[in-house]
Amino acid sequence: KKISIIIIRLLHLSQQQMMMLKRNARRMYGAMTPKWEAKSLEKWTSLLPSCKKTANLSTIEEQLLRNNVKYCLPAFVDMHGVPKTKLVPVDHARSMCQGSELFTGAALDGVPQDVSDNEVMAVGDAPLFMHLPYQRDVAWFPASLYLNGSPFEACSRNIFARAAEKAKSMNLLMKLGIEAEFFVFRQDDGMKPVSRLADLEKPCYDAGAMQPVSCLPNLQKPAYDLGAI
């Protein structure tokens, strides 16, 4: 009953009273209006200071719809290297890039927050989005975490950004690469290597073992689509 009364009272507030209520709420919880809202939609800059890529947010929305994308994934990485995200309907891609997706930091391992703290916002980095090659109706957006309109210090992307800026001040260029390794086994005779050639004691880089494997094209194409090669 108390909740119903509060809602009814809110509905009867004048526009001026609502504006005053919003101002008081911002004053209580900090500047909740994200700083990136003021950015021009015609030139949306990457959230990483070291990245010079820009994008037109309206163009990205059109591209997502044209390619029949249904969901967006604003993903950030936790302290274990595990991506965390939410499925966001493509119709909300614009608001996602403006900080609409909230996460309870206390629910994540290693995030220095209590349950009572404000939620962190996962802001999709629009210029760096890509379609998942193995699920074309999903678009992946690397996301940076913000708290009260400022970069969240514990976010891995924000840690990288600070380290890159520090390296730049020392006339150094930070580069990050990922080496994706995998193993291919035969299933016809248990877990044995695909190559049927005689095994060496140290078989690494053996040219004779690098025979054409039928699965390689299927592995290469997604890697190309993701820009990993």
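Me: Why does Asp78 count as buried?

Reply: Buried means under 20% relative accessible area, exposed means over 50%, and partly exposed is in between (1.4 Å probe, protein chains only). Asp78 has 13% relative accessibility, so it counts as buried. Keep in mind that this is a predicted model, where local features need pLDDT of at least 70 and side-chain atom pairs count only at pLDDT 80 or more, while totals for chains, interfaces and linings use all residues. Residues are numbered from 1 along each chain as its sequence is written, and side-chain values use heavy atoms, with hydrogens and water left out.

Me: What makes Lys84 and Asp78 a salt bridge?

Reply: The rule asks for a side-chain nitrogen of Lys or Arg within 4 Å of a carboxyl oxygen of Asp or Glu. Here the N to O distance is 4.0 Å, and the two side chains meet in a salt bridge. Lys84 itself has 28% relative accessibility, so it is partly exposed.

Me: How many salt bridges does the rule give?

Reply: Three. Another one joins Arg94 to Glu61, with the closest N and O atoms 2.6 Å apart. Arg94 sits in helix H4 (residues 93–96) and Glu61 in helix H3 (residues 57–66), so this pair ties together parts 33 residues apart in sequence. Helices here are DSSP runs (H or I, at least four residues), as are strands (E, at least two), numbered from the N terminus.

Me: Why is Arg94 called partly exposed?

Reply: Its relative accessible area is 25%, so Arg94 is partly exposed.

Me: What can be said about Arg157 and Asp125?

Reply: Their side chains meet in a salt bridge at 3.0 Å, N to O. This pair links distant parts of the chain, 32 residues apart: Arg157 is in helix H5 (residues 156–169), and Asp125 is in the loop between strand S7 (120–124) and strand S8 (130–132). Both residues are buried.

Me: Which side chain does Glu101 have a polar contact with?

Reply: Ser100, at 2.7 Å. A polar contact is a pair of N or O atoms within 3.5 Å; within protein, one must be able to donate a hydrogen and the other to accept it, and residues adjacent in sequence count only if both atoms are side-chain atoms. Glu101 lies in the loop between H4 and strand S6 (102–103).

Me: Which residues does Trp140 touch, beyond those up to four places away in sequence?

Reply: Contact means heavy atoms within 4.5 Å. Trp140 touches Leu73, Ala75, Phe129, Met130 and Leu132. Ala75 is 65 residues from Trp140 in sequence, yet 7.2 Å from it in space, C-alpha to C-alpha. Trp140 belongs to strand S9 (residues 135–147).

Me: What makes Trp140 partly exposed?

Reply: Its relative accessible area is 30%, so Trp140 is partly exposed.

Me: Where is Leu219, and is it buried or partly exposed?

Reply: Leu219 is in helix H6 (residues 216–225). With 40% relative accessibility, Leu219 is partly exposed.
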